[in-house]
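Here is a briefing on one protein chain. Have the sequence and the coordinates open as you read.

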Amino acid sequence: MTLNTMCESPASIQLIGFEPEHIILFRRILAGHALLVNEGVSNVQPFKHFGVYIVRVAREADIQLIKALSDSDGYFLVISVYEKADPTRILESLRAGADDVFFLTSLLEEQSAFVSALELLLTRCRLIYEGKVYRETLEASLEELKNDQEAAYQVQSRLLPPQKQVIKDVEFTYSVTPSLIVSGDFIDVVPINEQLTLFYIADVSGHGAASALITILLKNITSRLLRNFKRSSSYDILSPVRTLERINKEVNSLALDKHLTAFCGVINHQANILNYAVAGHHPMPFYKSGGEVTILPGRGMPLGLFEEAIFGEGQQVLDDDFSLTLCSDGVLELLSGGSIADKEQQLLNWLKSNPPCHEALKAYVFSGCELSGLIPDDVTIMSLMRVNL
């Protein structure tokens, strides 16, 4: 008897190796049960999806057949049937992979147990098969979602400014590390003219594709503000607070059920002054000069929650040796310590004890998650410092 791989059986039960009188017995036992049986096949036909083989064991070749039919994945199960009880052969059959054993001589008396065992095995292999289909469908959906996210990452990456650039005598360096594939954090550096440069760090609530789409909107808004400035139709981009108001208005108008925090600054390179506005951003930037580190003051409402939001404003004179460090709140989640204030103090102490160096700061922040490689939130660090040209 050989496996016929050319034709798949539509039935979920196959009787193998039985004589005509045996077939009549099975018909009698299974009468009234909604079971699709392929009876009296000369060659074993593989099931299309799952099923139970009922094999008559009368010779050694039948034990080999049970081994061939047994499926370690559980989609195909086997009941072996003997002419009469033989403990030695029964054990051999079970070791070959049979899931249950019955005897022709007592099958009629045990028909209730036989039918129950058959229905139980059918249910088991059906559930295993349905689990396989569900898993494959889920894996395909996840792969499609991953491809979409990677495409979104490519778009988002191209919207970010150069990771390191010098404008006038100020060096801008940043790193954005998403917790997933795309990031809800975003930064931008926008030279307005020879005198002014706008920059901001934004953190959209949540992370993933929905948050990443908001960051694309930010880029679009600031690009339009710059274009309006160049054609003298609007001067909002010259004011950090007006820039935030424009972003707040557009995010609110879209009703995206998303909000974001942001710190937005405009550097006047000639006057060496930073004017900034705050929209709920935390932690506030760390300003360093003369070996001392201070946290810029400021508070304000997040963007996208209130139509008439109020944003904090501030001004900082930029010394000759200044550096400014901005972080998203994901940085604090990587630092050890109990309270948020403790973690801010850790950052302040590190910045005070070390010369301005973006890569060294990044290594310090990520030192706590080297083993797992997992980060709970998007992590963005932006560093500004005066350089000698």
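Is glutamine 149 buried or exposed? Glutamine 149 is buried, at a relative accessible area of 12%. The model is predicted.

**Helix α4**

- Glutamine 149 lies in helix α4, which covers residues 111-159.
- The helix has 49 residues. From first C-alpha to last, α4 reaches 71 Å, close to the 72 Å expected at 1.5 Å a residue.
- Several residues of α4 are buried, among them Phe114, Val115, Ala117, Leu118, Leu121 and Leu122.
- Cys125, Tyr129, Gln149 and Gln156 are also on the buried list for α4.
- Glutamine 149 sits 6.2 Å from isoleucine 181, C-alpha to C-alpha. In sequence the two are 32 residues apart.

**α1 against α4**

- Helix α1 spans residues 20-30. Its axis lies 10 Å from that of α4, and the two helices pack at an angle of about 80°.
- That angle makes α1 roughly perpendicular to α4.
- From α1, the contact uses Phe26, Ile29 and Leu30. They meet Gln111, Phe114, Val115 and Leu118 in α4.
- By class, the residues of this contact of α1 with α4 are 6 nonpolar, 1 polar and no charged.
- Phe114, Val115 and Leu118 of α4 take part in this contact and are among the buried residues of the helix.

**α4 against α5**

- The axes of α4 and α5 come within 10 Å and cross at roughly 25°.
- Why do the two count as roughly parallel? The crossing angle is roughly 25°, and angles under 35 degrees fall in that class.
- The crossing of α4 past α5 is left-handed.
- α4 supplies Gln149, Val155, Gln156 and Leu159 to the contact. α5 supplies Ala209, Ala212, Thr215, Ile216 and Lys219.
- The contact of α4 with α5 holds 5 nonpolar, 3 polar and 1 charged residues.

**α5 against α6**

- Helix α5 covers residues 209-230 and helix α6 covers residues 240-254.
- The 22 residues of α5 should span 32 Å at 1.5 Å a residue. The end C-alpha atoms of α5 are 32 Å apart, which agrees.
- The axes of α5 and α6 come within 10 Å and cross at roughly 130°. The two helices are therefore oblique to each other.
- α5 passes α6 in a right-handed crossing.
- On the α5 side, the contact is made by Leu217, Leu218, Ile221, Arg224, Leu225 and Asn228.
- On the α6 side, Thr243, Arg246, Ile247, Glu250, Val251 and Leu254 take part.
- The residues of the contact of α5 with α6 divide into 7 nonpolar, 2 polar and 3 charged.

**Threonine 380**

- Threonine 380 is found in strand β16, residues 379-386.
- The residue is buried, with a relative accessible area of 0%.
- Which residues does threonine 380 contact, leaving aside its neighbours within four places in sequence? They are Ser175, Val176, Asp185, Ile187, Ile201, Leu326, Cys327, Ser328 and Val331.
- Proline 178 is 202 residues away from threonine 380 along the chain, yet their C-alpha atoms are separated by 8.3 Å.

**Backbone details**

- Most residues other than glycine have a negative phi, and most peptide bonds are trans. The following residues depart from that pattern.
- Serine 232 is not a glycine, but has a positive phi of about 60°. It is found in the loop between α5 and α6.
- At 48% relative accessibility, serine 232 counts as partly exposed.
- Asparagine 272 also has a positive phi, near 55°. This residue is found in the loop between β10 (260-268) and β11.
- Asparagine 272 counts as partly exposed, at 22% relative accessibility.
- Histidine 282 and proline 283 are joined by a cis peptide bond, with omega about 0°.
- Proline 283 is found in the loop between β11 (273-279) and β12 (286-289).

How values were computed:
Residues numbered from 1 in each chain as written. Predicted model: local features only at pLDDT ≥ 70, side-chain atom pairs only at ≥ 80, totals over all residues. Heavy atoms only, no water. Axes fitted to C-alpha atoms, helices over the stretch in contact; angles between N-to-C directions. Helix = DSSP H or I, 4+ residues; strand = E, 2+ residues; numbered from the N terminus. Parallel < 35°, antiparallel > 145°, perpendicular 65-115°, else oblique. Contact = heavy atoms within 4.5 Å. Nonpolar A, V, L, I, M, F, W, Y, C, P; charged D, E, K, R; others polar. Left-handed = near helix turned anticlockwise from the far one by under 90°. Expected span 1.5 Å × (residues − 1). Buried < 20%, exposed > 50% of the residue type's maximum accessible area, 1.4 Å probe, protein only.
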